[in-house]
Amino acid sequence: MTNHASEHVILTVNAGSSSVKFSLYENGTGLRETVSGQVDGLGASRQTVLVLKDLATGEKSTRDIAANDHAGALAEILASLQPHLAGRPVAGVGHRIVHGGTEHDRPVILTGDVLEELAQLEPLAPLHQPHNLAGVRAAIEAFPAATQVGCFDTAFHRAQPWVNETFALPRVWYDKGVRRYGFHGLSYDYISGELARSEPVLAAGRIVVAHLGNGASMCAMRDGKSVGSSMGFTALDGLAMGTRCGQIDPGVLLYLMDHEGMDAAAISDLLYKESGLLGLSGISNDMRTLEQSDHPHAAEAIDYFVARIRREIGAMATVLGGLDGLVFCGGIGENSVLVRNRICRDLDWMGITIDKVANAESRRDIGTGKTRVLVIETDEEVVIARAVASALVA
């Protein structure tokens, strides 16, 4: 264990559909990440593991844990962090919260009233929102004196043009909040800021960012702002995902109700938990497993995943009126050489060509054509930590 200065620390909790990422930051003269980790494999066919890394020493530990849900994962995380806190106070805890509804376009301190309001949005993000709020409650119990801050995945998209936010339903439903919200906003916020820092000319242009993981979406950005998202009212729309279907004709759902006798609960399980890569392959929701499989259904699942992304790139380029850059991020986007290669194949008409060696090595810049193609490791945790640091001095 490393000796740390007696500064207070900030904890970030980022609960995804199959993982929980967490980090500790010293908050003295500036934010400094000291510990990071992740619980991976929740709800998957493989063993659930907890990975913890001390960034000062480079020491990394990996161990199997018995947790099979997010509540169990959070208990394991809090226990593993106690030695690293070394008695220092946790001044603030930042939480990724998937849905902020129509009201929240920026981070907010999580009071009891706010938590009650956010709980009303659970039907719009049933794979995430309950776990996000469970994390908040666990953190309040563990660190009652800390400031709890919520950071919303929907907030980045709140300034989208009306035509990209509405559905062609009677306007009363838009007024009631039935609209396209978009998600993965913390990731897109980080990529936008990173491009502004490192690639200011490109950042001012027309960018499509592909956040590809167990949850997957794409965002069209102009001058660093969201103008279009593949996700809609819930985190179901758009691309195929680990267990979520992505785009589907709503007539299919009416058919399942009327002719197959499926109720809302059964359809919800089908769309959120049984579809996507898992449903198409019948093998796994994990791209790593599918890439290693020689089963034809695994290959077909990857084919569909890639095809939907390629189709969405064209749609996003149209929203933007052209394309200056394509950015890959997220677990699959950052690590799958195969998926990146398949997505970019035969897109030279869009100015997209890639260097196979650079792609195989997952370099930052893999493009060779007019349209820049970048691989950037996203960092939702630091976006959350910055929000907490700001709240602590407000």
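Student: Where does strand E5 lie, in the open or tucked away?
Tutor: Strand E5, residues 60–64, lies largely in the open, because 0 of its 5 residues are buried. Buried means under 20% relative accessible area, exposed means over 50%, and partly exposed is in between, with a 1.4 Å probe and protein chains only. Strands are DSSP runs of E with at least two residues, helices are H or I runs of at least four, and both are numbered from the N terminus.

Student: Before I go on, what am I looking at, and how is it numbered?
Tutor: This is a predicted model, where local features need pLDDT of at least 70, side-chain atom pairs count only at pLDDT 80 or more, and totals for chains, interfaces and linings use all residues. Residues are numbered from 1 along each chain as its sequence is written, and side-chain values use heavy atoms, with hydrogens and water left out.

Student: OK, which strand is joined to E5?
Tutor: Strand E4, residues 49–54, runs antiparallel to E5 with 5 bridges joining them. Two strands pair if DSSP finds at least two bridges between them. Lys53 stands opposite Lys60 in E5.

Student: And what about the hairpin between the strands?
Tutor: The hairpin of E4 and E5 has 5 residues between the strands, and Gly58 there takes a positive phi near 80°.

Student: Which residue has a positive phi although it is not a glycine?
Tutor: His184 is one of them, with phi about 60°. Asp346 also has a positive phi of about 60°. Most residues other than glycine have a negative phi.

Student: Zooming out, how many helices and strands are in the chain?
Tutor: The chain has 15 helices and 13 strands. Its radius of gyration is 21 Å, close to the 21 Å from the globule rule for 394 residues, so the chain is as compact as a globular protein of that length. That radius is taken over C-alpha atoms, and the rule is 2.2 Å times the number of residues to the power 0.38.

Student: How much of the chain counts as buried?
Tutor: Of its 394 residues, 53% do.
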